[in-house]
Amino acid sequence: MTSDQNTPSGHSSAAEDDVAALIGTQTRDIAEVPAVELINTVAVHLMSAAAVKTGLAEGPDAEELKDLDEARKLITALAGLVTAAAPEVGSTHAAPLRDGVRSLQLAFREASLITDAPGKGPGEKWTGAVS
């Protein structure tokens, strides 16, 4: 019997009850967070990951963490999120996010050995060409 099945008596185990309670608590907690805050949090996580993958991390292992293929995906996802969310979050929140996307796009362009054509760099489908 797998851990996700009910016990032979048809009742869930204490561990399953604990997991269900935790999920219920997390759902209630996330329901209390404003959408703008969630969008900003996700964007910051994407920015941080993209910065590391672009080679902007500090420390002795920064070069080992660099992965431009991964950075391209993260920057594109970030650009799409910021572009789509901008009208919803307002210019106060959108402006710094746009600046972050642009900085990452420029850093990517500088780090890449192969230059993308204008408008073909990471996220440029959503933001327009960056130079």
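Author: In this predicted model, residues 24 or more positions apart account for 55% of the contacts with a separation of 6 or more. The secondary structure behind that figure comes to six helices and zero strands, so that the pattern read along the sequence is α-α-α-α-α-α. Of the 131 residues, 27% count as buried, while the accessible surface comes to about 8,500 Å², with 59% of that surface belonging to carbon and sulfur atoms.

The part to look at closely is the pairing of helix H2, residues 35–54, with helix H4, residues 68–89. Two packed helices are described by the angle between their axes and by the distance between those axes. For H2 and H4 the angle is about 155 degrees and the axes lie 9 Å apart. Because angles over 145 degrees count as roughly antiparallel, H2 is roughly antiparallel to H4. The crossing in which H2 passes H4 is left-handed.

As for the residues that meet, H2 contributes Val 36, Ile 39, Val 42, Ala 43, Leu 46, Met 47, Ala 49, Ala 50, Lys 53 and Thr 54.

One is Gly 100, which is found in helix H5 and counts as buried, because its relative accessibility of 14% falls under the 20% cut-off. Gly 100 and Ala 51 are 49 residues apart in sequence, and their C-alpha atoms are 9.7 Å apart in space.

The other is Asp 116, found in the loop between helix H5 (91–111) and helix H6 (124–127). With a relative accessible area of 18%, Asp 116 is also buried, since that value too is under 20%. Its side chain makes a polar contact with the side chain of Arg 72, at 2.9 Å. Leaving aside residues up to four places away in sequence, Asp 116 touches Arg 72, Phe 108, Arg 109, Gly 121 and Pro 122. Thus a buried loop residue has a polar side-chain partner in Arg 72.

Methods: Residues are numbered from 1 along each chain as its sequence is written. This is a predicted model: local features need pLDDT of at least 70, side-chain atom pairs count only at pLDDT 80 or more; totals for chains, interfaces and linings use all residues. Side-chain values use heavy atoms; hydrogens and water are left out. Helices (H or I, at least four residues) and strands (E, at least two) are DSSP runs, numbered from the N terminus. Buried means under 20% relative accessible area, exposed over 50%, partly exposed in between (1.4 Å probe, protein chains only). A polar contact is a pair of N or O atoms within 3.5 Å; within protein, one must be able to donate a hydrogen and the other to accept it, and residues adjacent in sequence count only if both atoms are side-chain atoms. Contact means heavy atoms within 4.5 Å. Accessible areas come from the Shrake-Rupley method with a 1.4 Å probe; for residues, only the protein chains shown count as cover. Axes are lines fitted to C-alpha atoms, for helices over the stretch in contact, and angles run from 0 to 180 degrees between N-to-C directions. Angles under 35 degrees count as roughly parallel, over 145 as roughly antiparallel, 65 to 115 as roughly perpendicular and the rest as oblique. A crossing is left-handed if the near helix is turned anticlockwise from the far one by less than a right angle, and right-handed if clockwise.
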